[in-house]
Amino acid sequence: LTTGTDFDSDVQYINIIGSVEGHNVLPADNKATKYEHLIPQLIAVEENPKLKGLLVILNTVGGDVEAGLALAEMISTLSKPTVSLVLGGGHSIGIPLAVATDYSFIARTATMTLHPIRTTGLVITSETTFDYMRKTQERVVNFIEDHSKAKREEIIRLMNCNDNMSNDVGTILFGREAVDIGIIDEVGGVSQAIKELRSRI
């Protein structure tokens with residue numbers, strides 16, 4: 001009996017699920033994607049002549065901003081074709097990860113939460129700290145703007161919206177809304193994502 005995973009493919013499949021874990025290890029009961037595990041897989045896409053493309057499947061709540069942006073930058077600078085598919089959720093830093101590919105899909109029932117960056121732990125209330133947070137926020141906005149069709153003003157407006165979420169600032173976008181705003185290219189699923197990737201290969 002085979003599970004269907006033991007086949008040769010010229011495509012690298014990467015899934016980003018749960019929280020994107022960065023420099024700090026998350027508790028054992030958290031479902032997490034460790035960014036240091038994805039780095040060699042992304043390097044393999046570029047270096048391995050047998051691999052012709054990359055499909056990124058996301059169902060993430062977000063996570064470490066630095067780690068997420070690092071992975072997004074790596075994906076966006078691969079020379080081989082890349083496609084992403086958001087299933088369930090592509091929240092927070094999951095948005096730069098979803099738009100980092102050459103083409104992106106979102107399931108009709110999937111959601112994406114666009115909100116300002118957050119910090120946990122000790123916060124030193126100095127201008128320097130707030131300036132760093134502003135610059136980090138800018139990095140996220142710039143990346144989304146550069147790698148999607150969404151307009152900067154709209155990204156910022158949705159990020160700072162205070163009437164969309166009952167106990168938070170930001171906006172929840174459903175599948176079609178993410179496409180209408182220009183963050184994601186198309187509503188679709190697995191077959192559409194693979195077909196698009198194959199056409200680019």
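Before we start, a quick definition: Ala, Val, Leu, Ile, Met, Phe, Trp, Tyr, Cys and Pro count as nonpolar, Asp, Glu, Lys and Arg as charged, and the others, Gly among them, as polar. Keep in mind that this is a predicted model.

**Exercise 1.** Sort the residues that line the largest cavity by class.

*Solution.*
Step 1: Find the cavity. A search of the whole structure turns up 1 cavity of 30 Å³ or more, and the largest cavity holds about 30 Å³ of space.
Step 2: List the lining, which is Val11, Tyr13, Leu55, Ile194, Leu197 and Arg198.
Step 3: Sort them. You get 5 nonpolar, no polar and 1 charged residues.
Step 4: Ask who supplies them. H7 gives the largest share, 3 residues, while S1 and H7 each supply at least two.

**Exercise 2.** Work out how the buried residues of helix H7 (residues 190-200) are arranged.

*Solution.*
Step 1: Pick out the buried ones, meaning those under 20% relative accessible area. In H7 they are Ala193, Glu196 and Leu197.
Step 2: Look down the axis of H7. Its buried residues fall within an arc of 95 degrees, so they line one face of the helix.
Step 3: Check the other side of H7, where Ser191, Lys195 and Ser199 are exposed.
Step 4: See what covers the buried residues of H7. The cover includes strands S1 (11-21), S3 (53-63), S4 (82-90) and S5 (103-106).

**Exercise 3.** Find the residues with the most contacts inside the largest nonpolar core.

*Solution.*
Step 1: Take the largest nonpolar core, which has 43 residues. Helix H2 (residues 65-76) provides its largest share, 6 residues.
Step 2: Look for the most contacts inside this core, and you land on Met112 and Ile183.
Step 3: Check one of them: Met112 touches residues including Val86, Ile95, Leu173 and Ile183.

Note on methods:
Residues numbered from 1 in each chain as written. Predicted model: local features only at pLDDT ≥ 70, side-chain atom pairs only at ≥ 80, totals over all residues. Heavy atoms only, no water. Core = buried A, V, L, I, M, F, W, Y, C linked by side-chain atoms within 4.5 Å. Buried < 20%, exposed > 50% of the residue type's maximum accessible area, 1.4 Å probe, protein only. Helix = DSSP H or I, 4+ residues; strand = E, 2+ residues; numbered from the N terminus. Contact = heavy atoms within 4.5 Å. Arc of directions from axis to C-beta. 1 Å grid on protein atoms, 1.4 Å probe; cavity = no way out; pocket = protein on both sides within 12 Å on 5 of 7 lines; lining within 4 Å. Points joined across faces, edges and corners; volume = space filled by probe spheres on them. Lists of a residue's contacts leave out its neighbours within four places in sequence.
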